[in-house]
Amino acid sequence: MALVPCQVLRVAILLSYCSILCNYKAIEMPSHQTYGGSWKFLTFIDLVIQAVFFGICVLTDLSSLLTRGSGNQEQERQLKKLISLRDWMLAVLAFPVGIFVVAVFWIIYAYDREMIYPKLLDNFIPGWLNHGML
């Protein structure tokens with residue numbers, strides 16, 4: 001059975017988020033050495049939430065492809081639980097936190113860039129990584 005384009009897109013998004021996470025963790029920033037490390041930044045927390053969400057989406061897609069037509073009631077029940085987890089995570093975490101982070105960041109960025117993203121950070125975080133994280 002051929003993969004549907006949305007399933008391929010979910011895998012690509014997951015790989016994109018994972019590569020951004022790896023690049024972000026490789027950056028040596030002074031703020032990473034303080035209390036909380038990267039976890040004190042809401043943008044980083046959102047990035048992790050999105051990566052986990054798309055990981056669950058890919059797992060759900062793979063499970064539905066593997067259990068399609070098997071007729072096993074236990075597998076279908078587990079698949080429904082996984083779909084429920086995916087839907088819950090989208091409704092409760094991924095969408096609200098994602099929209100909040102993007103909206104607040106760009107509103108404050110437009111108002112006063114130095115308050116939320118000082119020019120000093122351009123030396124540590126490249127522009128493409130900043131836009132990719134949001």
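## Annotated spans

In the unreviewed UniProt entry, the annotation "transmembrane region" is placed on residues 42-67 and on residues 88-111. The model examined here is a predicted one, and in it the span 42-67 is 100% helix and 0% strand, with its end C-alpha atoms 37 Å apart.

## The nonpolar core

The largest nonpolar core consists of 24 residues, and within this core Leu21 and Phe53 have the most contacts. At least two residues of this core are supplied by each of helix H1 (5-26), helix H2 (42-67) and helix H3 (73-111), while the largest share, ten residues, comes from H2.

For Leu21, once neighbours within four places in sequence are set aside, the contacts are with Phe44, Leu47, Val48 and Ala51.

## A buried glutamine

Gln50 is located in helix H2. Is Gln50 buried or exposed? Its relative accessible area is 10%, and because the cut-off for a buried residue is under 20%, Gln50 counts as buried. When residues up to four places away in sequence are not counted, Gln50 touches Tyr17, Ala94 and Gly98.

Terms used. Residues numbered from 1 in each chain as written. Predicted model: local features only at pLDDT ≥ 70, side-chain atom pairs only at ≥ 80, totals over all residues. Heavy atoms only, no water. UniProt positions renumbered as here; feature names shortened; annotations may be inferred. Helix = DSSP H or I, 4+ residues; strand = E, 2+ residues; numbered from the N terminus. Core = buried A, V, L, I, M, F, W, Y, C linked by side-chain atoms within 4.5 Å. Buried < 20%, exposed > 50% of the residue type's maximum accessible area, 1.4 Å probe, protein only. Contact = heavy atoms within 4.5 Å.
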